[in-house]
Amino acid sequence: MTPPVLKVENLVVDFPLRRGNFRPLRGVSFEIAAGEVLGVVGESGAGKSMTGAAVIQLIEPPGRITGGAVYLSGTRIDNLPEAEMATLRGKRIGLVTQDPLTSLNPLFTIGDQLVETIRQHMDLTAEKARERAISLLTEAGIPDAAGRIDAYPHQFSGGMRQRVVIALAIAAEPELVIADEPTSALDVSVQAQIIQVLKDLCARRGTAIMLITHDMGVIAQIADRVMVMNQGEVVETGPVGQIIRNPQADYTQKLIASIPTIRRGVVTQAAVVARPETHVQVENLVCDFNAGGGLIARMLGKSPSVFRAVNDVSFSIPKGKTYGLVGESGSGKSTCARMIAGLIRPTAGRVLVGGKDVWADREGAEQRRRNVQMIFQDPYASLNPRWRVKDIIAEPLKALGLASGGSEVTDRVAGLLREVRLDPSAMEKFPHEFSGGQRQRIAIARALSSQPAFIVCDEPTSALDVSVQAQVLDLMARLQEEYGLTYLLISHNLAVIRQMALDVGVLHRGVLVESGPVDQIFDNPQADYTKMLLDAVPDLAAVA
């Protein structure tokens, strides 16, 4: 009988601490056969990523495996010396991490990193390795792979960086791929491409995939079986259709019930009353970037190459309402957000908040600092790793003079942490002590701390599991109702946009191809691009 590609038996991981022992994994057991996809779901902190890290032996010290065993194709690997384990990583076990920025070296081109990985594990010449690198980038959905292979990581959008990481993971065609949130930063159309890449990998090479995700739509599309985790334990395991249709555990039922759906069409009563006055007005916004040339080209009199990231975008947001902005990675969504938030100066056009141009003069800039906040897409890069959480959240309070004394600041920070479902004791910890979803909640608490009138939300729920996502969206809706907050919500999750937004705009290559009421756009799209985005949304009903 052929052994499974991966077999985990009663896995236990401990972190010995000064004040006791923390056990993130408590007797986890599962198997993955050749050509099978096991989806691992659960809330942030459930132990999903820790399980993947334990399999590949990349647990951060002082953590260590203290019980159980891990087998790869019948051979025990959890007790191998580090030198032997290092030869397995990349060649027999591929890894796609949650954060592409931590996986790519910013000092080397994408091509250099891919060629190095390929040649380390495969007997190929530099020329053949480069050809394979281009093929892998194309397979992962990078347009003009031959032209972009010599680009650096910072020259790619977040979604495109994730595609590069996936190309790195499958470069040596490993037996097992551990994919930790591989589609969390991707729009729905590219997500569909990546799912197809992983499916083809299973079919062509018999690769086993451990897919760690909070997106049950992705699980429904690709997984053969689902393992539900909570607090370091396996709650329920079974075929994907069975788990979605008829979950047995209360925790699984809660997870399934939390999933937003694009077909639900939830519209609050506030969305159908008369439109209030406009609070944010974006007029003919343009953003150009210098795409090359440099100093030498200018000295030689050559005209610099210009890339237009945003081209004549206009829309308005009524006071106290939400405008959703959707589109593929690289469509210009985040660039628009940064211009509106005051982080990138527009090449042309105006941004009016409360009737004042935020780029016009010092008064506009001062108003922007007080009344406009931003929740960034990447909670790893947006939180200072050397500050405690209380200092991160309190910074706007102190800078804007919103709290007078230390005790008042502490009370405000504790209240904000409770609102985003974190224990107030978390204020004494550093960002690295939290999971990805928990870090995003800290970022949301920081944005709320200055009590802004307008919040630019750039993928605020992309790193959150479905139950916490539902809580955060409910929190945002409640705060909007209580304080009259205005949101610009950027997301690749169209179900979230439908649930939250009054109006929606669709961006494609920097151009706003369609804009209007969310129900009208989603139920009767006019642009072909909008239709393509909607068709690519994962559908749980197809399985359930």
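## Terms and model

Here, buried means under 20% relative accessible area, exposed means over 50%, and partly exposed lies in between (1.4 Å probe, protein chains only). This is a predicted model, in which local features need pLDDT of at least 70 and side-chain atom pairs count only at pLDDT 80 or more, while totals for chains, interfaces and linings use all residues. Residues are numbered from 1 along each chain as its sequence is written, and side-chain values use heavy atoms, with hydrogens and water left out.

## Salt bridges around helix α4

Let's start with charged pairs. The structure holds 18 salt bridges (a side-chain nitrogen of Lys or Arg within 4 Å of a carboxyl oxygen of Asp or Glu). In one of them, Glu 131 pairs with Lys 128, with the closest N and O atoms 4.0 Å apart. Both residues sit in helix α4 (residues 126–139), 3 residues apart, or about one turn of the helix. Helices are DSSP runs of H or I with at least four residues, strands are runs of E with at least two, and both are numbered from the N terminus. Glu 131 counts as partly exposed at 42% relative accessibility, and Lys 128 is partly exposed at 48%.

Arg 130 of α4 meets Asp 150 in a salt bridge of 3.0 Å, N to O. Asp 150 lies in the loop between α5 (145–148) and α6 (158–169), so this pair ties together parts that are 20 residues apart in sequence. Elsewhere, a network of salt bridges links Glu 419, Arg 478 and Glu 482.

Glu 514 belongs to strand β20 (residues 511–517). A polar atom of the Glu 514 side chain does lie 2.8 Å from the backbone nitrogen of Gln 526.

## Helix α17

Helix α17 (residues 466–483) has 18 residues and spans 25 Å from first to last C-alpha, close to the 26 Å expected at 1.5 Å a residue; the expected span is 1.5 Å times one less than the number of residues. Its buried residues include Val 466, Leu 473, Met 476 and Leu 479. Gly 484 follows α17 and has a positive phi, near 70°.

Conventions:
A polar contact is a pair of N or O atoms within 3.5 Å; within protein, one must be able to donate a hydrogen and the other to accept it, and residues adjacent in sequence count only if both atoms are side-chain atoms.
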